[in-house]
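The paragraphs below lead through one structure, part by part. Look at the sequence and the model first, then read on.

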Amino acid sequence: MLFGVIGAGQMGGGIAQVAAQSGFDVVVQDVRQEFLDRGRANIGKSLAKLHEKGRLAETPEVVLGRMRFTTALEDFAGCDLVVEAIVEQEAVKTELFRSLGCIVKPEGVLASNTSSIPITALATSSGRPERFIGMHFMNPVPLMGLVEVIRGYRTSDETARFVMDTAEQMGKTPLTCNDFPGFVSNRILMPMLNEAIQCVMEGVADKEAIDGIMRLGMNHPMGPLTLADFIGLDTCLSIMEVLHQGLGDDKYRPSPLLRKMVQAGLLGRKSGEGFYRYD
Ligand SMILES: CC(=O)CC(=O)SCCNC(=O)CCNC(=O)[C@H](O)C(C)(C)COP(=O)(O)OP(=O)(O)OC[C@H]1O[C@@H](n2cnc3c(N)ncnc32)[C@H](O)[C@@H]1OP(=O)(O)O
Ligand SMILES: NC(=O)C1=CN([C@@H]2O[C@H](COP(=O)(O)OP(=O)(O)OC[C@H]3O[C@@H](n4cnc5c(N)ncnc54)[C@H](OP(=O)(O)O)[C@@H]3O)[C@@H](O)[C@H]2O)C=CC1
């Protein structure tokens, strides 16, 4: 199987890595060589860590040997499956799928790792809605067990089966849902993170206390502010906007503090600062 991944950021890199660990040949594309170099270096570090811990039978070099990095979308022509993991903006994804639909062989399946954008709309832009689906991996991809599979309005049973089988071959558990804003995962998770940010803004408690209360009190592995930083505050804001617009209920209104932090360029771990600082 030839597995394509678009975007070499935290999610694209993780998806490409796990696909290569599963024995697939992988092509990874990003818009600039420097993003590919950074993505490749992050994958190398993750593989080295897993190998050190005895959780990777092959050496990192062998796994990396199944991966090819490119800036050319044309390199996806022969792919059986392409998973898109670029920025969470509908207009950018729509334009990409318009091009990709003309490049990938007709029997190839296209998938989006979007956190919240309507799969049905992206499917339409690809020109192959029956062979289009949401394949939503969780962060960090090498460590998390779930793939949320989102069926668009016209996704075929065959496409859904193929993607579920592929997720299982990647060692993940696929669970299916229908195409509603935020799907299941982010419709439930993101309002909680947004509420934690609202608690910071209103001075309900300091950020360490908010995180500690949720970690120790609810046994969450990360506090909500740490998790928001980990996901990326720009991504959190985009998801809240999709929920707010798509469901039309003010209970999904993005916290003004979240909006202000994104405007200030404080995007969390990936920019070096969010609610916390990262070296
Ligand atoms: C926004 C969306 O659309 C959807 C989403 O993805 S929402 C986000 C979903 N993800 C979560 O909620 C994650 C919540 N956090 C967790 O589950 C856990 O903190 C975690 C799995 C990330 C880490 O597990 P943990 O038990 O806390 O252990 P921790 O000690 O932090 O890390 C375990 C090890 O894995 C390593 N590790 C972390 N990321 C890694 C990666 N990508 N590759 C390899 N190793 C990795 C860590 O470095 C650490 O190594 P050491 O033991 O050598 O220190
Ligand atoms: N972060 C998370 O926890 C999760 C995120 N997701 C989803 O995954 C997707 C990616 O998120 P994430 O990895 O965090 O984001 P990142 O910002 O880490 O990575 C996105 C990557 O895609 C690149 N890119 C942007 N536009 C294009 C384009 N037109 N063609 C090719 N590459 C492009 C970006 O380059 P540049 O730097 O120039 O923008 C960047 O390298 C989003 O849809 C997000 O909602 C899903 C699950 C969890």
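Arg277 is exposed, because its relative accessible area is 67%; exposed means over 50%, buried under 20% and partly exposed in between, with a 1.4 Å probe and protein chains only. Its side chain meets that of Glu273 in a salt bridge, N to O 3.5 Å; a salt bridge is a side-chain nitrogen of Lys or Arg within 4 Å of a carboxyl oxygen of Asp or Glu. Glu273, with 25% relative accessible area, is therefore partly exposed. Elsewhere, salt bridges with shared partners tie Glu84, Glu88 and Lys93 into one network.

The model is predicted: local features need pLDDT of at least 70, side-chain atom pairs count only at pLDDT 80 or more, and totals for chains, interfaces and linings use all residues. Residues are numbered from 1 along each chain as its sequence is written, chains are lettered from A and ligands numbered from 1 in the order in which they are written, and side-chain values use heavy atoms, with hydrogens and water left out.

Buried or exposed, where do Glu84 and Lys93 stand? Both Glu84 and Lys93 are buried. Another salt bridge joins the side chains of Arg32 and Glu34, at 2.3 Å from N to O. Arg32 counts as partly exposed because its relative accessibility is 42%, and Glu34 is partly exposed as well, with a relative accessible area of 44%. Over the whole structure, a search finds 11 salt bridges.

Next come the ligands. Around ligand 1 there are 18 residues, of which Ser46, Ser115, His136, Asn139 and Asn186 come nearest; a residue is near a molecule or strand if one of its heavy atoms lies within 4 Å of it. Several polar contacts can be listed, a polar contact being a pair of N or O atoms within 3.5 Å; within protein, one must be able to donate a hydrogen and the other to accept it, and residues adjacent in sequence count only if both atoms are side-chain atoms. Ser115 has a polar side-chain atom 2.7 Å from an oxygen atom of ligand 1. For Asn186, a polar side-chain atom lies 2.8 Å from an oxygen atom of ligand 1, and an N or O atom in the side chain of Lys49 is 3.1 Å from an oxygen atom of this ligand. On its own, ligand 1 has 1100 Å² of accessible area, and the protein covers 62% of it; accessible areas come from the Shrake-Rupley method with a 1.4 Å probe, and for residues only the protein chains shown count as cover.

Which helices each supply at least two residues of the shell around ligand 1? They are helix H2 (33-52), helix H7 (185-202) and helix H9 (224-231); helices (H or I, at least four residues) and strands (E, at least two) are DSSP runs, numbered from the N terminus. H2 gives the largest share, three residues. By type, the shell around ligand 1 has 11 nonpolar, five polar and two charged residues; Ala, Val, Leu, Ile, Met, Phe, Trp, Tyr, Cys and Pro count as nonpolar, Asp, Glu, Lys and Arg as charged, and the others, Gly among them, as polar.

Ligand 2 has 23 residues around it, and Met11, Asp30, Glu88, Lys93 and Ser115 come nearest. A backbone N or O atom of Gln10 is 3.2 Å from an oxygen atom of ligand 2. In the side chain of Asp30, an N or O atom lies 2.8 Å from an oxygen atom of ligand 2, and for the side chain of Asn139 the distance is 3.0 Å. The protein buries 84% of the 890 Å² that ligand 2 exposes when taken alone. Helix H1 (10-21) and strand S6 (132-137) are the elements that give two or more residues to the shell around ligand 2. That shell divides into nine nonpolar, 10 polar and four charged residues.

Some annotations come from the UniProt record, whose positions are given in the numbering used here; feature names are shortened, and annotations may be inferred rather than shown by experiment. An unreviewed UniProt entry lists Ser46, Lys53 and Ser115 under "binding site". These residues do not all gather at one spot, because they span 70 residues in sequence and the farthest two C-alpha atoms are 30.3 Å apart. Lys53 lies in the loop between H2 and helix H3 (60-64) and is exposed, with a relative accessible area of 55%. Ser115 is in the loop between strand S5 (109-112) and helix H5 (119-126) and counts as buried at 12% relative accessibility.
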